[in-house]
Amino acid sequence: MSTASPATQELEAVGWTRRLASAPWPELAAPIGLVVLVVAFGLLDSTFVSVGNIEAMLQASSILVVLAVGQTFVVATAGIDLSMASVMTLGAVVLGLTFQATDNIALAMVAGVLAAMAVGAVNGTIIAKGGITDFIVTLGTLSAASGLALILADGRPINVLDRFMLKLASGGIGPFSWSVIVAAVVAVLAHVALFNSRFGLHVLATGGSVESARAVGVRTARVKIAVYTLSGLLAGVAAILLVARVGAAEPASNTSFLLNSVAAVVLGGVSLFGGRATITGPVMGCAAVDRTGQRPDPAGPVAVLPTTRGRHRGRPGRSVNEVPEMSTLTTSPVLTASHVSKSFGSVQALKDASLVMQPGEVTALIGDNGAGKSTLVRCICGIHPPDSGAVEVQGKPVRFSNPEQAQAAGIETVHQNLALVEDLTVWQNLFLTREQTRGFGPIRIMNRRAMAQRATEMVSTLAINVPSVKSRVRRLSGGQRQAVAIARAAGWGSSIVIMDEPTAALGVQETAKVEELIHDLRDRGISILLISHNFDQVLRLADAVTVMRAGRTVATRRGSATSGDELVGLVTGAIAPDSEYQ
């Protein structure tokens, strides 16, 4: 009998309820389902859990595991690859034809994999650069790859009789066949790549929010091309295993491979909306699909059981706390935007807008909703290239084609939408595109511990009440998210920090902390561009004020030489624009 007080018991019950509510149930679906199936089949047939049957299941599942891993990377970016089975078939046919022509199995395998990779790269390029939906593109390449395989093979199987392929199909180490070992190695490498590499983090960020990922410098188009190319590569690896098992390249595509790979990925807890993924879940999902679904060929393929501080790679040559050198004696502007215009279709968001920022000053940019303030900021930081006009940083003309280039030039931005990826943790958002890594040469993994420690320091400067830097952003309040975005921009010690409504969702105490941080950044010689609708805040903080209306710059004022009434008049049009902007 419990001796705890009723209040203690109630708190414990609430704790357990929260733990159950926060548990990753989608990711647990595959393991739980697999255990249930094993128990059920074991009770129905005592030979089900025998060593021989398990070996047969693993052997049968190897091809599907390789395909499911490739599909996982695609789905993690909120995409889907409907062409995998056909690409695998095309790779097998190219392998067979190359072997017939050269009698060199190594060359044949390379040719098969390269052919599959080429199709994947085409898929990714059309989707990322052409802006066509992945469903339409991969559905088209499904038909194209199937037809090309039939044409190349003249509709007949191509025999591939080779000693290496025979060993790949029937040999192995102990109870594990080589095909099972290949599938396990693919799964392990995929897990490391997805959760311990910069590429994997960028994949999850792209799937979580393309707009937010792009705003902080992730090359989302490159990521999409890469995951579809990887999907093609793994389809080529699966083609090798398929040819080894069958002893021939069969030109007729089997769609059950595609359907089962998608089913395994979804059952394994990978979100079809992107941003959340796992490798062990889909691998175990393959086993569940294999036990409950139709076998794709007489052999029954489908599923295998799984089994010092980093170097700064985002901006080499600049540490987190390092402030770029800037002469405190110079009077030349740190940033100048002149006659910038930007249209989106028939809507002209900016019409000859201008802005000047002086070193070590807080410049406020004000205007009514729709005045063009955020668009001007996006043109400055590389999200939207301006249609016309010029931007200079430290007196040098620049034209940023992406936010990464702006960050390299010392411009950090707190966007109005915060540009946070909700499915990533706080530390992952703080270090996105600036990941610290460790390793040897090109083989490097993320230094997760070092980044988490540094993230804790960055967050603590704002006294944010965040449970942990390992918490996912989706679990934070609006104020906590705003503070994380500010900590990211301020923590990297840039020469220019742009803050778009930084205190919009903050309380009184948090707002005071942000204003204190702005003063601190200015004292360190960093220039601040503050966008705010709070004129009292503007007058407290700003050294200079630029006013916009209807996409145009209408006035500039020194903060000490203006008033709230004058700023309201300039914003509303009650006071005429300055002569230089008329």
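Me: Is Glu361 buried or exposed?
Reply: Glu361 counts as buried, because its relative accessibility is 16% and the cut-off for buried is under 20%. Keep in mind that this is a predicted model.

Me: What does Glu361 form a salt bridge with?
Reply: Its partner is Arg558, and the closest N and O atoms are 3.1 Å apart. The pair links distant parts of the chain, 197 residues apart. Arg558 is in strand E17 (residues 552–558), while Glu361 is in the loop between strand E7 (347–357) and strand E8 (362–366).

Me: And how accessible is Arg558?
Reply: Arg558 has a relative accessible area of 40%, so it is partly exposed.

Me: How many salt bridges does the count come to?
Reply: 16 salt bridges. One of them joins Glu566 and Arg557, with the closest N and O atoms 2.8 Å apart. Both of those residues are buried. There is also a network, in which salt bridges that share partners join Arg276, Asp423 and Arg474.

Me: What about Asp154, what does it form a salt bridge with?
Reply: Asp154 pairs with Arg156, the closest N and O atoms being 3.3 Å apart. Asp154 and Arg156 are both exposed.

Me: Ok, H6 then. How many residues, and what span?
Reply: H6 has 20 residues and reaches 28 Å from first C-alpha to last, close to the 28 Å expected at 1.5 Å a residue.

Me: Which residues of H6 are buried?
Reply: Asp134, Val137, Thr138, Thr141, Leu142, Ala145, Ser146, Ala149 and Ala153. Seen down the axis of H6, they fall within an arc of 160 degrees, so they line one face of the helix.

Me: What covers them?
Reply: The cover includes helix H4 (84–102), H5, strand E1 (158–159), helix H11 (220–246) and helix H12 (255–267).

Me: Which exposed residues are on the face turned away?
Reply: Ile136 and Ile151. Ile136 has a relative accessible area of 52%. Ile136 is also part of a nonpolar surface patch of about 490 Å², together with Val122, Ile126, Ile132, Phe135 and Leu139. Helix H5 (105–130) and helix H6 (134–153) each give two or more residues to the patch, and the largest share, 3 residues, comes from H6.

Me: What does Pro385 touch?
Reply: Lys342 and Arg399, leaving out residues up to four places away in sequence.

Definitions and conventions. Residues numbered from 1 in each chain as written. Predicted model: local features only at pLDDT ≥ 70, side-chain atom pairs only at ≥ 80, totals over all residues. Heavy atoms only, no water. Patch = residues over 30% accessible without salt bridge, like charges linked within 9 Å, V, L, I, M, F, W, Y side chains within 5 Å. Areas by Shrake-Rupley, 256 points an atom, 1.4 Å probe, with all protein chains shown as cover. Salt bridge = Lys/Arg side-chain N within 4 Å of Asp/Glu carboxyl O. Helix = DSSP H or I, 4+ residues; strand = E, 2+ residues; numbered from the N terminus. Buried < 20%, exposed > 50% of the residue type's maximum accessible area, 1.4 Å probe, protein only. Expected span 1.5 Å × (residues − 1). Arc of directions from axis to C-beta. Contact = heavy atoms within 4.5 Å.
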